Amino acid sequence: DICSTRYLVPIMNQEFAMPCLITGKHSVYASLRKVFDQITSLYDENVDGYELALKALLLQAIFLLLQYSKKITKKEEQHSEKLKSVLDYIGEHYAEPISIAELAELCYFSEYHFMRFFKKHMNMTCVEYMNNFRLEKAVELFEQGHLSIIEVSMSVGFRNLSYFHRAFKKKYGMTPLTFINKLKNTVQ
């Protein structure tokens, strides 16, 4: 149908640049939040025919996102591929020391150009992204029952325990030990 050919297929083929980070400040946030809350509620209720309503709500979410998307040019597609390769590399090697020079080399950029490129496309520095990624992995490990802060810190790529503590507290508003204690209390 026209919806598939005009919108869904181009989205699947990544011909549209959709917003990838939507914070509470974004103008579509409230509408999307409402749609996703409805999706969650429908999924939990599991009434007959809920799949039809889910499909309608997903299409509504796509409609909302399309208002903030644009057709991707060839240059943007190349940038997107470079960024994806960097993010994939970080995802695979986050536990190891990663230098900006390594990441810049993946894109065939100078370090200076790479740092500007990354900040422009991700709205944060590369170091901020890597720290956030590593901290999220640390939380996953804590939730899986790994309680040794130093082991978790080292296994997610932080080589300095005090830096890990500061970064964790900045992101989550509590120390790793407080986080672990909260996890223990919720399990009991």
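**Entry 1: Lys137 and Glu140**

I began with Lys137 and Glu140 in helix H7, three residues apart and so separated by about one helical turn. The model is predicted. I found a salt bridge between Lys137 and Glu140, with the closest N and O atoms 3.9 Å apart. I count this pair as a salt bridge because the cut-off is 4 Å. Lys137 is partly exposed at 22% relative accessible area. Glu140 is also partly exposed, at 38%.

**Entry 2: other salt bridges**

I looked up how many salt bridges the structure holds. The number is four. One of them joins the side chains of Lys84 and Asp88, at 2.8 Å from N to O. These two residues sit four apart in helix H4, about one helical turn. Asp88 is partly exposed, at 34%. I also noted Asp37 and Arg33, whose side chains meet at 3.3 Å, N to O. They are four residues apart in helix H2 (residues 29–45), again about one helical turn. I read 41% relative accessibility for Asp37 and 45% for Arg33. Both values fall between 20% and 50%, so both residues count as partly exposed.

**Entry 3: helix H7**

I checked the length of H7. Its 18 residues should span 26 Å at 1.5 Å a residue, and the end C-alpha atoms are 26 Å apart, which agrees. I listed its buried residues, among them Cys126, Tyr129, Asn131, Arg134 and Phe142. After H7 comes Gly145, with a positive phi near 105°.

**Entry 4: Tyr129**

Leaving out residues up to four places away in sequence, Tyr129 touches Leu87, Ile90, Phe118, Met122 and Met124. I also took the C-alpha separation from Tyr129 to Pro176: 19 Å, for 47 residues along the chain.

**Entry 5: nonpolar cores**

I turned to the largest nonpolar core, which has 19 residues. Val86, Ile90, Leu103, Phe114, Phe118, Cys126 and Tyr129 touch the most other members. Helices H4 (74–93), H5 (100–107), H6 (111–122) and H7 (126–143) each give two or more residues to this core. Cys126 touches Ile90, Ile100, Leu103, Phe114 and Phe118, with residues up to four places away in sequence not counted. I noted a second, separate core of 14 residues, including Val152, Phe158, Phe164 and Ile180.

**Entry 6: surface patch**

I ended at the surface. Ile150, Met154 and Leu161 form a nonpolar patch there, with about 240 Å² of accessible area together. Leu161 belongs to helix H9 (residues 161–172). Its relative accessible area is 32%, so Leu161 is partly exposed.

Key. Residues are numbered from 1 along each chain as its sequence is written. This is a predicted model: local features need pLDDT of at least 70, side-chain atom pairs count only at pLDDT 80 or more; totals for chains, interfaces and linings use all residues. Side-chain values use heavy atoms; hydrogens and water are left out. A nonpolar core is a set of buried Ala, Val, Leu, Ile, Met, Phe, Trp, Tyr and Cys residues joined through side-chain atoms within 4.5 Å. Buried means under 20% relative accessible area, exposed over 50%, partly exposed in between (1.4 Å probe, protein chains only). Contact means heavy atoms within 4.5 Å. Patches are made of residues with over 30% relative accessible area and no salt bridge: like charges are joined within 9 Å, nonpolar side chains (Val, Leu, Ile, Met, Phe, Trp, Tyr) within 5 Å. Accessible areas come from the Shrake-Rupley method with a 1.4 Å probe; for residues, only the protein chains shown count as cover. The expected span of a helix is 1.5 Å times one less than its number of residues.
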